[in-house]
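Hi everyone, thanks for coming. I'd like to walk you through a few spots in one model, so let's bring it up on the screen.

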Amino acid sequence: MDMGESITIEQALYGLMVASANEVANGLAEKISGSQSDFADLMNQRAAELGCRDSHFVNAHGLFDSDHYVSPYDMAQIARAYFSYNDLCDIAGTVSYHFVATDTQPDDFWLNSRNRLVNGNIEYDGIVGGKTGYTDEARETLVTCAERDGMKLICVILKDEPPYHFEDTVTLLDYGFDNFQRLTVDSLQGGGAYPESGFMTKGNDIFGNSASPLAIDSKAGVIIPKDADASMVTSTLVNSDEYINIRLSLKKTNEVRLSGITDPASQSA
């Protein structure tokens, strides 16, 4: 974008994710928060909400600042939130995007992704999308999401050298898909990991309704090693002031993942 031009929020997101347009990042920050610094404060607040532990942001575009940093773990938490939105997955997986001239943006042009895993230069089954990054100090960085058989994996590469950030991503994703699997709620119920969804039923309520007030989230599941199966998964019901969930774990191993119970009325996990 040039000074004085304007584009839609949707176009800005494509400019940001497909072409790494720093000026668009600044424009989005000012549109949302009014200023760069206020948006950075919002970034830090959201990062904390996502469980980030070793990050601090001072700008929206990611150019070097000694007080602007992120860890691989934290970037994975941020990516996990990003790739939970279908529209954002589509944007991160876009190979090319056409900008048509308008009254507020006079140029007609195409943006083309230089992410070799997204544009097909490196073929990899199941790529959802990703984002490249580079500064002299940070070197090559790459965040990638891929999905197979209902299991999404996120790979974060920081401070690598070309072309190894792509090669290392493929190696790590291969390791994940080759060694782990995702079991669904149905398969876990069949294996006896936890009771059927009506296990919380206490009989008829005052209106004569016997339906359970709680139900298992149909999207829930657990990721376990491929050499394990549903019969090896155990469950523990956990209750807190904020949620109720079933904690799934492998017998004689560490806990693997949390799987929520959803309130059908509010659809909040």
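**Helix packing and a buried face**

Let's start with helix α1, residues 9-19, and helix α2, residues 22-33, whose axes lie 9 Å apart and meet at an angle of about 140 degrees. That angle makes α1 oblique to α2. A quick word before we go on: this is a predicted model.

Staying with this pair, the crossing of α1 past α2 is left-handed. Which residues meet there? From α1 we have I9, A12, L13 and L16, and on the α2 side they meet V24, A25, L28 and K31.

Now please turn to helix α6, residues 164-179.

Which residues of α6 are buried? They are H165, F166, T169, V170, L173, G176 and F177. Looking down the axis of α6, these buried residues fall within an arc of 135 degrees, so they line one face of the helix. Over on the other side of α6, T171, Y175 and D178 are exposed. And what covers the buried residues? The cover includes the strands β3 (127-135), β4 (139-148), β5 (151-160) and β6 (180-184).

One last stop, in helix α3, residues 36-49, where we find R46. R46 is partly exposed, and its relative accessible area is 38%. In sequence, R46 and I78 are 32 residues apart, yet in space their C-alpha atoms are 9.0 Å apart.

That's my tour; happy to take questions!

Note on methods. Residues numbered from 1 in each chain as written. Predicted model: local features only at pLDDT ≥ 70, side-chain atom pairs only at ≥ 80, totals over all residues. Heavy atoms only, no water. Buried < 20%, exposed > 50% of the residue type's maximum accessible area, 1.4 Å probe, protein only. Helix = DSSP H or I, 4+ residues; strand = E, 2+ residues; numbered from the N terminus. Arc of directions from axis to C-beta. Contact = heavy atoms within 4.5 Å. Axes fitted to C-alpha atoms, helices over the stretch in contact; angles between N-to-C directions. Parallel < 35°, antiparallel > 145°, perpendicular 65-115°, else oblique. Left-handed = near helix turned anticlockwise from the far one by under 90°.
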